[in-house]
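Student: Let us go through this model by asking what backs each label. Ready when you are.

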Amino acid sequence: MEVIRINTINTDIIKAYKKLDSCTLSDAFDKLEINQGGYILPKQRVKNTTICGQAFTVRYLPKQENESNFGTFLDDIPEDRVAVVDNDGRVDGSVWGDTMALFAQKKGVAGAVLNGVYRDVGPIDKLGFPVFAKGACSRSGKNLVSVDATNVPIQIDGVRIDPDDLVFGDESGVMVIPYDHIESVLNEAKRLKTTDDSFINNLESGMSYQDAKQNKNH
Ligand SMILES: O=C([O-])CC(=O)C(=O)O
Ligand SMILES: [Mg+2]
């Protein structure tokens, strides 16, 4: 049986993550050789929006007769959490739309990451609510799927996501940082960002790529 941990991440740590980017976080994973968590495939759908917050996980399954709990998990998500919704990668029906985005935004939810697709693309662009998804689809999933569980470990693109993991998304991709690695990834990513910044400064000052690379001491 799964033991569900809900550990809260300190807000200073989340603030420090917000100064980073998904590529640097991915480099930290490479450097630390972390096998848990990592990169998942949903992509930024609303320009100039990023996500950084703890996961609130949702698992959909094909709908059973008489079940009708589509989207009702929204009443339970605490503010600042990221709705991480596993619909098994289905692209034939949406699991997020404008009314969900409106409600989540009013509640202070940090964004949605979908192993599936969403709809109401124009209205959600207007809201500016961060949605990361595998694509868009006009047909609603409301008659196709129902919620099987919330706040349980889920799997997206081979990556396990526990409810207290940190989810970070920007225009390059989405990273899942396991709770147990939150501090080590942050420290390594900060270090890598400093060396990358000086690499860039050296390139801007005219150094050859090879010399700048050697200087960066990765
Ligand atoms: O049916 C859906 O996928 C969700 C939807 O349209 C909405 O939230 O407005
Ligand atoms: Mg709608």
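Student: Where is the place of Gly-97?

Tutor: Gly-97 sits in the loop between strand 4 (82–86) and helix 3 (98–107). Helices (H or I, at least four residues) and strands (E, at least two) are DSSP runs, numbered from the N terminus. This is a predicted model, in which local features need pLDDT of at least 70, side-chain atom pairs count only at pLDDT 80 or more, and totals for chains, interfaces and linings use all residues. Residues are numbered from 1 along each chain as its sequence is written, while chains are lettered from A and ligands numbered from 1 in the order in which they are written.

Student: What are the scores of the model?

Tutor: ipTM is 0.98 and pTM is 0.94. The mean pLDDT of the protein (the predictor's confidence in each residue, from 0 to 100) is 94. Of its residues, 97% reach 70 or more.

Student: Why is Gly-97 called partly exposed?

Tutor: Count the C-beta atoms, placed from the backbone. A residue is buried if 20 or more others lie within 10 Å of its own, exposed if 12 or fewer, and partly exposed in between. Gly-97 has 19, so Gly-97 is partly exposed.

Student: What does Gly-97 touch, apart from residues up to four places away in sequence?

Tutor: Tyr-118, Arg-119 and Asp-120. Contact here puts the C-beta atoms, placed from the backbone, within 7 Å.

Student: What makes Asp-120 buried?

Tutor: Asp-120 has 21 other C-beta atoms within 10 Å, so Asp-120 counts as buried. Asp-120 is in the loop between strand 6 (117–118) and helix 4 (121–127). Beyond four places in sequence, Asp-120 is in contact with Gly-97 and Asp-98. A "binding site" annotation in the unreviewed UniProt entry covers Asp-120.

Student: Which other residues does UniProt list for "binding site"?

Tutor: The unreviewed entry lists Gly-97, Asp-98, Thr-99, Met-100 and Arg-119. UniProt positions follow the numbering used here, feature names are shortened, and annotations may be inferred rather than shown by experiment.

Student: How do you know that they gather at one spot?

Tutor: They span 23 residues in sequence, yet no two of their C-alpha atoms are more than 10.4 Å apart, so they gather at one spot.

Student: Which residues are around ligand 1?

Tutor: Ser-94, Val-95, Gly-97, Asp-98, Thr-99, Met-100, Arg-119, Asp-120, Ser-140, Gly-141 and Lys-142. The criterion is a C-beta atom, placed from the backbone, within 6 Å of the molecule.

Student: How many residues of each class does the shell around ligand 1 have?

Tutor: The shell has 2 nonpolar, 5 polar and 4 charged residues. Ala, Val, Leu, Ile, Met, Phe, Trp, Tyr, Cys and Pro count as nonpolar, Asp, Glu, Lys and Arg as charged, and the others, Gly among them, as polar.

Student: Is Met-100 buried or exposed?

Tutor: Buried. Met-100 has 25 C-beta neighbours inside 10 Å, so Met-100 passes the cut-off. Met-100 lies in helix 3. Leaving out residues up to four places away, Met-100 touches Gly-71 and Leu-74.

Student: Why is Glu-33 called exposed?

Tutor: Glu-33 has 6 other C-beta atoms within 10 Å, so Glu-33 counts as exposed. Glu-33 is in the loop between helix 2 (22–32) and strand 1 (38–40). Phi of Glu-33 is near 55°, positive in a residue other than glycine.

Student: What is the phi of Asn-151?

Tutor: About 55°, again positive although Asn-151 is not a glycine. Asn-151 lies in the loop between strand 9 (145–150) and strand 10 (154–156). With 19 C-beta neighbours inside 10 Å, Asn-151 is partly exposed.

Student: How far apart in space are Asp-170 and Gln-44?

Tutor: They are 6.4 Å apart, C-alpha to C-alpha, and 126 residues apart in sequence. Asp-170 is found in strand 12 (residues 166–170). Asp-170 has 20 C-beta neighbours inside 10 Å, so Asp-170 is buried.

Note on methods:
Two residues are in contact if their C-beta atoms, placed from the backbone, lie within 7 Å.
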